[in-house]
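Please open the model in your viewer and keep the selection tool at hand.

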Amino acid sequence: EIAKLRQQQTKRESPRLEFVVTNMEKPMGFLILLNTVMILWRLEFESEEVKASFGLESENWPRLHSLFHICEYFFAIAFLIEIILRLYHFGLVFFKDWFN
């Protein structure tokens with residue numbers, strides 16, 4: 001499908017940009033997996049807070065709120081940069097592929 005999109009590109013092509021867009025599949029996949037791990041870790045953290053609110057024994061993980069907020073911003077910015085690069089490179093043709 002990406003090959004079809006490349007054929008339909010507008011004149012905004014740049015060899016460097018094409019290299020970046022076509023070679024960011026694996027790094028973005030890694031970021032998605034890392035984001036999933038962070039979400040699961042945050043869920044575990046929040047479950048400890050719920051335990052504590054019920055008066056049950058729970059682990060205390062100080063300073064994790066700020067770490068989770070920093071990670072949220074990092075992943076949001078990384079995914080935003082990815083979508084901007086892809087939209088700039090492919091144009092509106094990007095939306096014709098169902099996997100996007």
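Select E48 first, and display its surroundings. Leaving aside neighbours within four places in sequence, E48 is in contact with S58, E59 and W61, where contact means heavy atoms within 4.5 Å. E48 is found in helix α3; helices (H or I, at least four residues) and strands (E, at least two) are DSSP runs, numbered from the N terminus. E48 counts as buried, at 6% relative accessibility. Buried means under 20% relative accessible area, exposed over 50%, and partly exposed in between, with a 1.4 Å probe and protein chains only.

The model in view is predicted: local features need pLDDT of at least 70, side-chain atom pairs count only at pLDDT 80 or more, and totals for chains, interfaces and linings use all residues. Residues are numbered from 1 along each chain as its sequence is written, and side-chain values use heavy atoms, with hydrogens and water left out.

**The whole chain**

The chain contains four helices and zero strands, in the order α-α-α-α along the sequence. Of its 100 residues, 24% are buried. Among contacts between residues at least 6 apart in sequence, 68% join residues at least 24 apart. The chain exposes about 7900 Å², of which carbon and sulfur atoms supply 67%; accessible areas come from the Shrake-Rupley method with a 1.4 Å probe, and for residues only the protein chains shown count as cover.

**Helix α4**

Select residues 64-90, which form helix α4. At 1.5 Å a residue, the 27 residues of α4 should span 39 Å, and the end C-alpha atoms are 39 Å apart, which agrees; the expected span is 1.5 Å times one less than the number of residues. The buried residues of α4 are L64, F68, C71, F75, A78, E82, R86, H89 and F90. An α-helix has 3.6 residues a turn, so residues three or four places apart point the same way. Just after α4, G91 takes a positive phi of about 70°.

**Aromatic pairs**

The structure holds four aromatic pairs: rings of Phe, Tyr and Trp (its six-membered ring) pair if their centres lie within 6.5 Å, and planes under 30 degrees apart count as stacked, over 60 as edge-to-face and the rest as tilted. W41 and F68 form an edge-to-face pair, 5.4 Å centre to centre with 80° between the planes. W41 lies in helix α3 and F68 in helix α4, so this pair ties together parts that are 27 residues apart in sequence. W41 is partly exposed at 34% relative accessibility, whereas F68 is buried at 3%.

Move along to F75 and F79, whose ring centres are 6.2 Å apart with planes at 20°, so the pair is stacked. Both lie in helix α4, four residues apart, about one turn of the helix.

**Salt bridges**

Finally, which residues join E25 in a network of salt bridges? Select E82 and R86, which are linked with E25 in that network. A salt bridge is a side-chain nitrogen of Lys or Arg within 4 Å of a carboxyl oxygen of Asp or Glu, and the structure holds five. The side chains of E25 and R86 meet at 2.7 Å, N to O. E25 lies in helix α3 and R86 in helix α4, so the pair ties together parts that are 61 residues apart in sequence. E25 is partly exposed, with a relative accessible area of 42%, while R86 is buried at 7% relative accessibility.

E82 also bridges to R86, the closest N and O atoms being 3.1 Å apart. E82 is buried, with a relative accessible area of 17%, and touches M24 and M28, not counting residues up to four places away in sequence.
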